[in-house]
Amino acid sequence: MIIIAEKLNGSIPSCGKAIAAKDESYIKDLAKRQADAGSDFIDCCASVEKGELETLKWMIDSIQSVTDCPISIDSPDVSVIIDAMQFCKKPGLFNSVSLEGDKIERAFPILAKPENEKWHVMALLCGDYGIPKSAAERIEIFEKIMAAAKQYGINERRIHIDPLVEMLCTTEDGAGVSLILEVMGHIKKSHPNVHISGAISNVSFNLPVRRLINQAFVVLTINAGMSSVVLDPLLPDLRGMIYATEALLGNDDYCLEYISAYRSGVFADK
């Protein structure tokens, strides 16, 4: 499982406050703890109205001063991400593209360049009209994104597809979860080399004891083919659930990864 650590995001109040105050020690400490917890990418999202590129540079420099963990440059503005790529010492995750506007047309030519061939990219299954309400619409967007990736020669193994996890409590019968699992099933069957991703905690917004919903959801999504996940890596129960599920599904020969994670302290509070 590819872990994309989510905590360095300005939309989170505590992090937003630290970014506004240019609290470098906060950024460094959180980056190091997330890296030490075994993250594969550290998400870096400024979430500011002005000076986003400059803020991202400051955040990226701070992160890279304490860890060499690859960075997920997270912004709704594709141009900002393209400009911020130069600040990264190693290839990371371009987060994100979608069928909204001309994001694909601007991002994919950059990602297709030989010097950027090791960069991964997150693609959201939405377009100019927001988040589609049906699985069929999201699958249609997925196929268009994959066609564009093929056109630009971007290897499927570099692509992380986010089917857009929504709040469980907004649907009467959990239809949102069924929709997500249907989309994941299609992706897994039609393009098995693509990474299925998503923000696990989105499903539990506005519900009590959110950790239980998140843990149950991660089991369902891994079973549906999820191989890349955006989460808080400092939550040992959630990380443990991922290792346990992969072992039970036969994705961990002789449970070696589960045992190794236990010995390295992944299941202990950080």
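I began with a definition: contact means heavy atoms within 4.5 Å. I noted that this is a predicted model, where local features need pLDDT of at least 70, side-chain atom pairs count only at pLDDT 80 or more, and totals for chains, interfaces and linings use all residues. Residues are numbered from 1 along each chain as its sequence is written, and side-chain values use heavy atoms, with hydrogens and water left out.

**Helix α1**

I looked up helix α1, residues 13-20 (helices are DSSP runs of H or I with at least four residues, strands are runs of E with at least two, numbered from the N terminus). Its buried residues (under 20% relative accessible area, 1.4 Å probe, protein chains only) are Cys 15, Ala 18 and Ile 19. Seen down the axis of α1, they fall within an arc of 100 degrees, so they line one face of the helix (the arc is that of the directions from the helix axis to the C-beta atoms). I then checked what they pack against, and found α2 (24-36) and α3 (52-64). On the other side of α1, I found Pro 13, Lys 17 and Ala 20 exposed, meaning over 50%. After α1 comes Lys 22, with a positive phi near 50 degrees.

**Pocket linings**

Which residue classes line the largest pocket? I noted 16 nonpolar, 11 polar and 11 charged residues (Ala, Val, Leu, Ile, Met, Phe, Trp, Tyr, Cys and Pro count as nonpolar, Asp, Glu, Lys and Arg as charged, and the others, Gly among them, as polar). For the second largest pocket, I wrote down 7 nonpolar, 5 polar and 3 charged.
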